[in-house]
Amino acid sequence: MIYLDNAASTWPKPPGVAEAVKEIVANNGANPGRGTHKMAMQAARVVARARSAVATLFGVRNPEDLIFTHNATEALNMAIFGLLKPGDHVVTTMLEHNSVRRPLEALRRRGWIEVTYVQSTENGIEPEKVRAAFRSDTRLLAVTHASNVLGTLVDIDAMTEIAHANGAFCLVDAAQTAGSFPIDVTRSEIDLLAVPGHKGLFGPQGTGALYIRPGLELEPFLYGGTGSHSEEPDQPLERPIRYESGTLNTPGLAGLAVGAEFVSQIGPSAIGQHNQALIQSLREGLESLPGIKFTGPGRGEPRADLLAFSLRGVDSTELAVLLSDQYEIAVRSGLHCSPLAHQVAGTLDEGLVRVSVSWFNTENDIRECVAAIRELADFLRDG
């Protein structure tokens with residue numbers, strides 16, 4: 001299988017990720033932070049290694065400000081439900097994934113909050129439009145770093161500056177950029193950063209993290225056992241246990257540590273450059289196809305590690321199924337859990353085919369993908 005669905009989950013993983021998971025499952029089933037025996041202490045060290053590795057990638061000075069979750073969706077929900085209170089106003093954008101939109105809409109339906117969606121183009125968001133959306137009661141700006149449909153990048157430094165100038169917090173969804181774009185939460189003054197472990201950090205599924213800046217306190221998303229202060233009815237105040245009730249995914253975090261260290265060794269910039277070159281090759285190979293329409297930034301412009309397109313007269317889902325069944329090529333079709341971005345692109349009815357790459361893809365993968373799409377496009381139009 002030529003795997004080109006890395007925006008959903010990266011595959012394959014770096015050497016050592018699977019072995020790290022297997023080591024924990026086979027040789028250490030203890031709960032981290034839930035005992036003083038040797039196995040529990042070793043499990044705690046595994047978690048600490050993962051926390052340090054991920055914190056290092058994003059300029060987090062104190063690893064205890066990094067909270068482990070099961071995915072970026074949980075991290076975003078933890079931030080949104082933990083921060084917002086009745087009467088708050090939120091500014092967000094038309095580029096957002098449902099992992100941002102749906103929790104905001106759930107709170108809006110309860111009558112807790114009001115939400116303003118800033119209009120976007122396929123080329124990005126105008127900071128002035130974001131600034132104009134703020135009100136005196138705006139508490140949060142929730143913004144993606146890159147659209148998972150359009151590939152459009154957002155200037156995070158500009159977003160945090162606007163939020164802070166208006167007395168609000170900034171939540172960044174880095175699902176499509178973590179690991180292949182440099183992100184420094186300290187330099188960019190990011191208040192809340194949600195990252196998946198299973199995408200650009202090359203960890204297993206079931207891993208993710210939320211960075212919460214020092215001094216910012218959220219209402220915990222979960223309450224329960226934390227391994228300490230067991231005599232108290234209230235949730236502990238100290239990080240990270242305040243936000244990590246219950247048993248962590250220790251095998252997954254063992255693999256995440258290896259994946260994050262792999263990214264640090266190569267460098268997000270180098271990974272991003274590799275991915276950008278493949279995406280540009282893909283675009284160049286497809287752009288002469290009759291009726292093709294690309295979304296997002298133009299040729300040669302920076303974008304996330306993906307390219308989505310439609311072909312006039314060709315159903316996107318049928319094309320993706322045939323690529324898998326006849327050519328062993330995995331891509332994604334449909335709405336990608338981001339209907340707002342499809343509204344921007346004008347593709348809400350028909351959807352798009354999305355090709356997304358990672359460090360382990362090659363130019364040959366792209367050549368084979370281009371050749372297959374060209375053959376199928378001719379066949380589907382003729383048939």
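This is a predicted model: local features need pLDDT of at least 70, side-chain atom pairs count only at pLDDT 80 or more; totals for chains, interfaces and linings use all residues.

Guide: Residues are numbered from 1 along each chain as its sequence is written, and side-chain values use heavy atoms, with hydrogens and water left out.

Visitor: What makes strand β6 largely enclosed by the rest of the structure?

Guide: Buried means under 20% relative accessible area, exposed over 50%, and partly exposed in between, with a 1.4 Å probe and protein chains only. In β6 (residues 169-173), 5 of the 5 residues are buried, so the rest of the structure largely encloses it. Phe169, Leu171 and Asp173 point one way from the strand, Cys170 and Val172 the other way, and all are buried. As for the names, helices (H or I, at least four residues) and strands (E, at least two) are DSSP runs, numbered from the N terminus.

Visitor: How do you know that strand β5 pairs with β6?

Guide: Two strands pair if DSSP finds at least two bridges between them. Here 5 bridges join β5 (residues 138-144) to β6, and the two run parallel. Val143 sits opposite Val172, and Thr144 opposite Asp173. On the β7 (residues 192-196) side, β6 has 3 bridges, again in the parallel sense, with Leu171 opposite Leu192.

Visitor: Why is the β-α-β unit called right-handed?

Guide: The test is to look with the strands pointing away from you: a crossover is right-handed if the path from the first strand over the helix to the second runs clockwise. The unit made by β5, helix α6 (residues 156-165) and β6 comes out right-handed.

Visitor: Let's turn to the aromatics. Why is the pair of Tyr3 and Trp11 called edge-to-face?

Guide: Rings of Phe, Tyr and Trp (its six-membered ring) pair if their centres lie within 6.5 Å; planes under 30 degrees apart count as stacked, over 60 as edge-to-face and the rest as tilted. The structure holds 5 aromatic pairs. For Tyr3 and Trp11, the centres are 5.9 Å apart and the planes at 75 degrees, so the pair is edge-to-face. Tyr3, at 17% relative accessibility, counts as buried, whereas Trp11, at 48%, counts as partly exposed.

Visitor: And how do you know that Phe202 and Phe262 are edge-to-face?

Guide: Their ring centres are 5.8 Å apart and their planes at 85 degrees, so that label applies. Phe202 lies in the loop between β7 and β8 (208-212) and Phe262 in helix α7 (residues 250-266), so the pair ties together parts 60 residues apart in sequence. Phe202 is buried at 2%, and Phe262 is buried at 15%.

Visitor: What makes a space a cavity?

Guide: On a 1 Å grid over the protein atoms alone, a cavity is a set of points where a 1.4 Å probe fits but cannot get out. The whole-structure search finds 1 cavity of 30 Å³ or more. The largest cavity has a volume of about 170 Å³, counted as the space filled by probe spheres set on the grid points, which are joined across faces, edges and corners. Its lining has 19 residues (each with an atom within 4 Å of a point), and Asn6, Ser180, Gly200, Asp305 and Val357 lie nearest its centre.

Notes:
On a 1 Å grid over the protein atoms alone, a cavity is a set of points where a 1.4 Å probe fits but cannot get out, and a pocket is an open set with protein on both sides within 12 Å along at least five of seven lines; lining residues have an atom within 4 Å of a point.
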